[in-house]
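Hi everyone, thanks for coming.

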Amino acid sequence: IKAKMSAKNQSILAEAAAASVGGAISASVLYPLEVLKTKMQAVQSSGDAPAEPSSGDSNAGSEDTTTSASYEKIAEDAEDQDSSKPKKNLSAIDFTKEMYKDGGVAVFYDGIGTSAFQSACEKALYFFAYTYFKNFYKGIKGGTIGTTENLILGAMAEWAHLPITLPIDCLTTKIQTSKTNDNPYRIMMAMFSEKGLSGMYKGWEAYTLLCLKPAIQYTVYEQIKGIMLRRRKAAFKGSRGRGKSANTLSAAESFFLGMVARAISTTIVFPYTRAKVMLQANKKNDGSDETTSIPQMLTMMYNEQGVQSLFIGLGPELTRGVLSTAFMLMIKEQIGSFMEVLFS
């Protein structure tokens, strides 16, 4: 029993450590894209309500691509942006040039340490909780875990890390949109003095549904991965010297499987994300206290422009999100495989 418990604990720690490193590296590699997206959203959320972009716009829907509940913080910080600069209607490439002109290369890496730390914590805590829940469930029921159970366990794991990672996410967004050169500690203290601890949890309500996104993503990944490995083990049965390749995915396999999993989860949840953004933008621009629910906003969008209006901005979000997840899962699988051999 002790040996089994030790093996389970090692698997939990290995998953958490591998995911932490993978999350930090993927977040750091793609951080300039994240800064560009956040700053464009901050500029576009100020002033008039954002117009619906045409399909030919090179920056179509970029103001609607946020995947975090920190949009409220972005919209709030937009009040401090210098609206005299004509940046609102710039394409992503032109906006990048303007940012480089204003602050050089360094502007694309403001807050990278905080972002890498947040991503490392988020992924480590998620996979720690997910692996723990999965092992606990297997211990009770036994056998393999089905799709529905995987979704529930994934959603529970996502909620488990929010008390720690949501404040870091808010701080990262504040750093990215800040006009001052204050260090992260000073910015955090300013946030505390303005709104207290509650200000660090702004927008947490959005996660009631957004927690399904990673749950769907990792469920798709784990289910397909399980099928691939079972088939491979059956094909390698009886052969020798192939144990490692039969038990793990290659770097290319985990990368492309991660891309597929993220694309599916993002597409499913995106209409909710877009409706959330539109609600925040409308509330800020018309100053109305009238409350509109997410389902009502989705219905309005569908009635006005049809199904396509629910997916405006999906392309840019897929580009960034798919690469981020693919890199993270590729690195996680390789490190996890190494640690498995190390502990065995």
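Predicted model: local features only at pLDDT ≥ 70, side-chain atom pairs only at ≥ 80, totals over all residues.

Let's begin with helix α4, residues 92-103. Helix α4 has twelve residues and spans 16 Å from its first C-alpha to its last, close to the 16 Å expected at 1.5 Å a residue. That expected span is 1.5 Å times one less than the number of residues.

Residues are numbered from 1 along each chain as its sequence is written, and side-chain values use heavy atoms, with hydrogens and water left out.

Okay, the overall picture. The protein chain has 13 helices and zero strands; these are DSSP runs numbered from the N terminus (H or I, at least four residues, for helices; E, at least two, for strands). Of its 344 residues, 47% count as buried. Buried means under 20% relative accessible area, exposed means over 50%, and partly exposed is in between, using a 1.4 Å probe and protein chains only.

Now, which residues touch the most other members of the largest nonpolar core? They are Y126, F127, Y218, Y221, M297, M301 and L329, out of 28 residues in that core. A nonpolar core here is a set of buried Ala, Val, Leu, Ile, Met, Phe, Trp, Tyr and Cys residues joined through side-chain atoms within 4.5 Å. Several helices supply at least two residues each, among them α5, α9 and α13, and α11 gives the largest share, with seven. Zoom in on Y218: leaving out residues up to four places away in sequence, Y218 touches K123, Y126, F127, M328 and L329, where contact means heavy atoms within 4.5 Å. There's also a second, separate core of eight residues, including Y31, M40, M99 and F108.

On to charges. Side chains of opposite charge can pair when their charged atoms come close. We call it a salt bridge when a side-chain nitrogen of Lys or Arg is within 4 Å of a carboxyl oxygen of Asp or Glu, and the count by this rule is six.

E98 counts as partly exposed because its relative accessibility is 27%, while K101 counts as exposed, at 65%.

Then there's K225 with E333, whose closest N and O atoms are 2.9 Å apart. This pair links distant parts of the chain, K225 in α9 and E333 in α13, 108 residues apart. Are these two buried or exposed? Both K225 and E333 are buried. K225 also touches L249 and L257, again not counting residues up to four places away in sequence.

Last pair: R232 and E253 meet in a salt bridge at 2.4 Å, N to O. R232 lies in α9 and E253 in α11, so the pair ties together parts 21 residues apart in sequence. R232 is buried, with a relative accessible area of 15%, whereas E253 is partly exposed at 24%.
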